Every structure is written in C-alpha cells, then in structure tokens.
Amino acid sequence: KTFMSAFSFMNIIADQSEKVDHHPKLINEYNIVEIELFTHSSNSVTDKDFSLAKFIDNIYNEIFS
C-alpha cells in the first residue's frame, strides 16, 4: 500500500536471497515491486528460482493478506 511497505518487503527478499546465494532483480516504484527470477549461470529458470518464488509468495501472503 505504501512505499515503505514495498521497501520492507524487498528487504525481506534481499535477506533471504543472501542466505540462499540467489539474487533476483528487484525494482520498486512507489508501492509496486517487480521481481525477476532467473539463474544467469545456467541461462534459464531453475529450482533455485522456484524455491525463492515460493518463499516470496509465502512472505507476501503473510504480510499482505
């Protein structure tokens, strides 16, 4: 709903990304967060991407539902 809630959401994703050593592209424009998951080393979408996507979905639902 706000810039700060979007940024807080991104920080949670950033923390998890560091833990699993898999870093998505994150873009924030006011209250909208865009996330791009892609494994550059394999030039494809991998299990790491699906795992991080599941984490992101769970966090989103926990915070915003």
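The questions and answers below go through this predicted model.

User: Where is histidine 22 placed, and is its side chain buried or exposed?

Analyst: Histidine 22 sits in the loop between α1 (3-20) and β1 (25-29). Its relative accessible area is 8%. The cut-off for buried is under 20%, so histidine 22 is buried.

User: Which side chain makes a polar contact with the side chain of histidine 22?

Analyst: Leaving aside neighbours within four places in sequence, histidine 22 is in contact with Ser17, Phe38, Thr39, Lys48, Asp49 and Leu52. Two of these, Asp49 and Leu52, are buried residues of α2. The polar contact runs side chain to side chain at 2.6 Å, and the partner is aspartate 49.

User: What is the span of helix α2 from its first C-alpha to its last?

Analyst: Helix α2 covers residues 47-64, which is 18 residues. At 1.5 Å a residue, 26 Å is expected. The model comes close to that, with a span of 25 Å.

User: Within what arc do the buried residues of α2 fall?

Analyst: The buried residues in α2 are Asp49, Leu52, Ile56 and Ile59. Seen down the helix axis, they line one face of α2, because they fall within an arc of 95°.

User: Which elements do the buried residues of α2 pack against, and which exposed residues are on the face turned away?

Analyst: The buried residues of α2 pack against α1 and β2 (32-36). The face turned away from that buried side carries exposed residues. These are Asp47, Phe50, Lys54 and Glu62.

User: In β2, what is the bridge partner of leucine 26?

Analyst: β1 and β2 form a hairpin with two residues between them. The two strands pair in the antiparallel sense over five bridges. In β2, the partner of leucine 26 is isoleucine 35.

User: What is the phi of aspartate 21, and what is the phi of tyrosine 30?

Analyst: Most residues other than glycine have a negative phi. Aspartate 21 lies in the loop between α1 and β1, and at 56% relative accessibility it counts as exposed. Tyrosine 30 lies in the loop between β1 and β2. Neither is a glycine, yet aspartate 21 has a positive phi of about 55° and tyrosine 30 has a positive phi of about 55°.

User: How many aromatic pairs does the structure hold, and what is the angle between the planes of phenylalanine 3 and phenylalanine 7?

Analyst: The structure holds four aromatic pairs. Phenylalanine 3 and phenylalanine 7 form one that is tilted, at 5.5 Å centre to centre. Both lie in helix α1, four residues apart, about one turn of the helix.

User: How far apart in sequence are the parts tied together by the pair of phenylalanine 9 and phenylalanine 64?

Analyst: This pair is edge-to-face, at 5.8 Å centre to centre and 80° between the planes. Phenylalanine 9 lies in helix α1 and phenylalanine 64 in helix α2, so the pair ties together parts that are apart in sequence by 55 residues.

User: Is phenylalanine 9 buried or exposed, and which residues do ring pairs link into a cluster?

Analyst: At 7% relative accessibility, phenylalanine 9 counts as buried. Phenylalanine 64, at 33%, counts as partly exposed. Ring pairs link a cluster of Phe9, Tyr60 and Phe64.

Conventions: Residues numbered from 1 in each chain as written. Predicted model: local features only at pLDDT ≥ 70, side-chain atom pairs only at ≥ 80, totals over all residues. Heavy atoms only, no water. Buried < 20%, exposed > 50% of the residue type's maximum accessible area, 1.4 Å probe, protein only. Polar contact = N/O pair within 3.5 Å; in protein donor to acceptor, adjacent residues only side chain to side chain. Contact = heavy atoms within 4.5 Å. Expected span 1.5 Å × (residues − 1). Arc of directions from axis to C-beta. Pairing = 2+ DSSP bridges. Phe/Tyr/Trp six-rings, centres within 6.5 Å; stacked < 30°, edge-to-face > 60°.
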